[in-house]
Amino acid sequence: MRRAGLIARAELALMVRSRVALIGVVALLLLSTIAAATSQAHMAQERLSRLANQTQTDALFEAQPARHPHRMVHYGSYVFRPIGPLAGFDPGIDPFSGTTLYLEGHRQNSATISAVRENSSLMRFGQLTPAFVLQTLAPLLLIFLGFSMITRERGRGSLRLLLSSGVTAGDIIFGKTLALGSIGLVALVPAWLALFLMALAMPSEAGAAAMIGLGCGLYVLIWVVGIVAASALAQTGQGALLSLIGIWCFVAIVAPRGAAELASRLAPLDSRATTDLTIQAELRQLGDSHNPDDPFFAAFKARILAQHRVTKVEDLPFNFRGAVSAEGEALTSRLFDKYFVELATVQRTQSQIVSGLSILSPALAVRHVSMAGAGTDLETHLRFLQQSEAHRFAMVQYLNGLHRDKLNHADDAARSKDRAAEQRTRIAADNWAKVPDFVFKPTRAAERLSAALAPILTLSLWLGAMLVLAVWSRRVLEGRAL
Amino acid sequence: MGRQGLSLNELVVMRGGRSVLDGLTLSVPAGHIYALLGGNGAGKSTALFATLGLLPVMSGQVLVDGKDPAEEPDAVRAAIAYLSETVALYEHLTARENVDYFLSLANQSRTNAEIVEAFAQVRLDPTAQDQRLSAFSKGMRQKTAIALALLRKTPVLLLDEPTTGLDPQATQDFHALLLDLKASDVAILMVTHDLLGAVDVADTIGLIIDGKLASQWQAQSTLPRFDLQALYGAFTQARAGNTPV
């Protein structure tokens with residue numbers, strides 16, 4: 001241990017005195033700090049913007065004049081997905097998935113307005129976030145600093161000198177790992193600091209922040225141990241560099257994209273347009289609430305009349321048209337729910353396939369940890385869609401309830417021909433303020449922690465594999481000192 | 001008990017499936033310089049690596065100050081100072097830092113006065129001691145490495161082609177340092193191509209051919225110390241691939 005410490009100190013002295021290494025470390029530190037600061041600022045601005053949009057939309061809805069309630073059903077409203085306190089660390093799918101939903105009667109719209117669509121095409125190259133710097137750029141710098149740590153000693157003959165001084169191959173590998181680990185720690189500090197500050201601002205997020213910090217720490221350590229082992233195993237520095245760059249390309253670039261592509265092929269998802277057409281076709285089969293001769297609604301009418309022991313709708317104690325609207329909405333909503341469950345099932349299957357493939361790339365596992373921990377993963381998006389749909393249904397049914405209970409059936413039936421009747425079907429504007437506001441309930445921190453456990457285990461397995469490789473490389477190094 | 005020097009007895013070492021040392025036997029007593037000569041691939045460096053315990057020995061025995069590297073590798077390495085042809089000290093460290101570093105790795109500590117004295121003994125300019133080795137000539141690096149060997153106070157010194165690339169003055173200085181070490185009872189085994197250099201300092205010159213000691217000459221107490229003509233003849237024959245008679 002003492003000798004390993006000495007070797008680490010000498011290696012760090014080399015890095016400090018070699019300007020290239022020093023510039024690389026300072027650049028990474030700056031990049032991490034800038035990423036943490038800009039991402040946090042961007043997310044804070046986006047958070048405020050969405051909050052302002054939500055407030056403005058709600059105010060516009062409530063400021064509508066006295067109207068027929070079904071006009072309000074079609075006027076609709078917008079909901080904006082709020083941003084979690086840790087999203088600044090890893091925006092996850094937020095820039096790609098829609099963040100805004102238009103809610104209206106009879107329809108379930110897709111989430112729209114994603115950062116990638118709204119901004120320049122440069123966004124497709126990835127936003128500069130602490131997660132991106134740590135998961136993609138930091139390993140590259142560690143490779144450049146560490147690939148020759150041991151091949152250099154062998155090439156210039158100092159390995160023999162070290163071994164003849166009583167140092168073991170294990171001391172050398174451990175010492176080099178400590179040195180490269182120190183650089184990894186420097187790369188981690190800005191990200192950890194950013195997570196700490198985010199957790200400080202929202203103490204309930206401390207556990208999730210710690211989990212993300214742990215995941216990133218494990219990921220960097222996997223690279224550190226792997227790079228040192230590769231340097232011990234390679235015959236030459238050039239061989240080590242080429243192998244490590246190849247591994248980096250696969251782990252950080254090819255595997256994440258390839259895994260997503262494979263998942264979409266193994267669990268294909270219909271396009272939104274196809275799904276909409278299918279839903280419309282099924283809706284037509286179920287019945288049309290606007291068509292008085294529709295068999296489903298004719299049966300509904302007969303059932304309602306029988307329930308109230310009357311023979312015509314005019315004798316009902318409420319406006320039958322409102323009841324039809326409510327029944328039609330319940331019918332379509334059940335269909336929307338069915339298709340949402342199917343969509344969510346396929347998307348979750350895709351997500352599970354990608355998670356399973358993290359056995360091929362620790363980058364997939366660490367992304368899973370940071371997105372789940374930050375609440376910017378698929379689950380949070382699905383939760384937003386589910387809660388938005390529940391809110392849409394509640395809002396529309398509230399308005400349909402006003403339509404049924406506050407309007408006279410005769411006036412409602414005559415409103416398109418009789419201006420006075422039309423005026424009587426308008427209800428007071430204060431009813432709009434009684435529509436409950438959309439309050440997104442994000443996944444609880446405990447649930448997010450639980451979701452991050454499996455990828456943390458995968459990262460631990462990766463680290464275990466790298467340690468086994470390091471032990472093996474020690475044996476190889478002992479035999480290759482010459 | 002005094003220092004016991006170094007001995008290789010019937011040493012057999014295989015590398016890449018072939019026998020590189022094939023029953024090599026030689027002995028370097030304390031306070032003795034042994035120059036091992038031979039052509040490329042004769043097994044000179046392999047003998048050093050086997051002594052350091054960096055290569056497994058198939059049969060035979062190495063004894064370093066009475067210890068077998070197969071049984072006591074740490075004790076053997078602690079008893080040896082090794083200088084490679086390239087003087088593989090660290091260029092980014094100063095001469096002083098290199099010495100401190102390798103002494104620490106060997107679990108040894110020396111006072112500042114001892115270190116200053118060692119540098120003075122190897123005649124390294126005091127202003128150079130705090131300069132990085134990247135600015136040093138090969139001769140200055142050799143001096144730093146010898147200062148390290150002096151400070152380690154090991155009973156055995158192994159040298160691999162130590163004078164390659166040195167100018168005549170630096171070679172002469174280096175030989176003077178070896179004689180100083182010899183006077184401190186250090187057993188020195190030097191593998192070299194430099195016949196004239198070996199004649200200058202060695203007490204024994206051995207000629208290795210195909211992993212075996214083909215001939216061995218002892219220095220005379222009177223000048224000339226060696227029969228240079230006989231040595232040159234044997235050496236050129238060995239380089240031509242013929243075993244000298």
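Colleague: Which residue in β2(A) stands opposite A:Ser77?

Modeller: This is a predicted model, in which local features need pLDDT of at least 70 and side-chain atom pairs count only at pLDDT 80 or more, whereas totals for chains, interfaces and linings use all residues. Residues are numbered from 1 along each chain as its sequence is written, while chains are lettered from A and ligands numbered from 1 in the order in which they are written. Four bridges join β1(A) to the antiparallel strand β2 (residues 100-104) of chain A; strands, like helices, are DSSP runs numbered from the N terminus (strands E, at least two residues; helices H or I, at least four), and two strands pair if DSSP finds at least two bridges between them. Within β2(A), the residue opposite A:Ser77 is A:Leu103.

Colleague: Which are the edge strands of the open sheet in chain A?

Modeller: Three strands make up this open sheet, ordered β1-β2-β3 with antiparallel pairing. An edge strand here pairs on one side only, and this applies to β1 (77-80) and β3 (107-108) of chain A.

Colleague: What angle does the direction of helix α15 of chain A make with that of β2(A)?

Modeller: Helix α15 (residues 378-406) packs on the sheet and touches β1, β2 and β3 of chain A; contact means C-beta atoms, placed from the backbone, within 7 Å. Axes are lines fitted to C-alpha atoms, for helices over the stretch in contact, and angles run from 0 to 180 degrees between N-to-C directions. The angle with β2(A) is about 25°.

Colleague: How far apart are the end C-alpha atoms of helix α9 of chain A?

Modeller: Helix α9 covers residues 206-233, and its expected span is 1.5 Å times one less than its number of residues. For its 28 residues this gives 40 Å, which agrees with the separation of the end C-alpha atoms, 40 Å.

Colleague: How many of the 28 residues of α9(A) are buried?

Modeller: A residue is buried if 20 or more other C-beta atoms, placed from the backbone, lie within 10 Å of its own, exposed if 12 or fewer, and partly exposed in between. Helix α9(A) is largely enclosed by the rest of the structure, because the number of its residues that are buried is 22.

Colleague: Which element supplies the largest share of the side of chain B that touches chain A?

Modeller: The contact joins 20 residues of chain B to 20 residues of chain A. On the chain B side, α1 (44-52), α2 (73-78), β5 (80-83) and α3 (95-105) each supply at least two residues. By class, this side has 13 nonpolar, five polar and two charged residues, where Ala, Val, Leu, Ile, Met, Phe, Trp, Tyr, Cys and Pro count as nonpolar, Asp, Glu, Lys and Arg as charged, and the others, Gly among them, as polar. The largest share, four residues, comes from α3(B).

Colleague: Which helix gives the largest share of the side of domain 1 of chain B that touches domain 2 of chain B?

Modeller: Chain B is divided into domain 1 (6-79 + 155-239) and domain 2 (93-153), with bounds from an automatic or database domain assignment. Their centres, taken over C-alpha atoms, are 24 Å apart. The contact takes 11 residues from domain 1 and 10 residues from domain 2. On the domain 1 side, six residues come from the helix with the largest share, α6 (residues 168-183) of chain B.

Colleague: Which strands stand at the edges of the open sheet in chain B?

Modeller: The order of this antiparallel three-strand sheet is β2-β1-β4. Each edge strand has a single partner, so one side of it is left without a neighbour in the sheet; the edge strands are β2 (18-28) and β4 (59-64) of chain B.

Colleague: Are the two faces of β7(B) covered or uncovered?

Modeller: Strand β7 (residues 187-192) of chain B has six of its six residues buried. B:Ala187, B:Leu189 and B:Val191 lie on one side and B:Ile188, B:Met190 and B:Thr192 on the other, so with all of them buried, by the count of C-beta atoms, both faces are covered.

Colleague: Where is B:Asp65 found?

Modeller: B:Asp65 has a positive phi of about 50° although it is not a glycine. It is buried, with 21 other C-beta atoms within 10 Å. Its place is the loop between β4 and α2 of chain B.

How values were computed:
Two residues are in contact if their C-beta atoms, placed from the backbone, lie within 7 Å.
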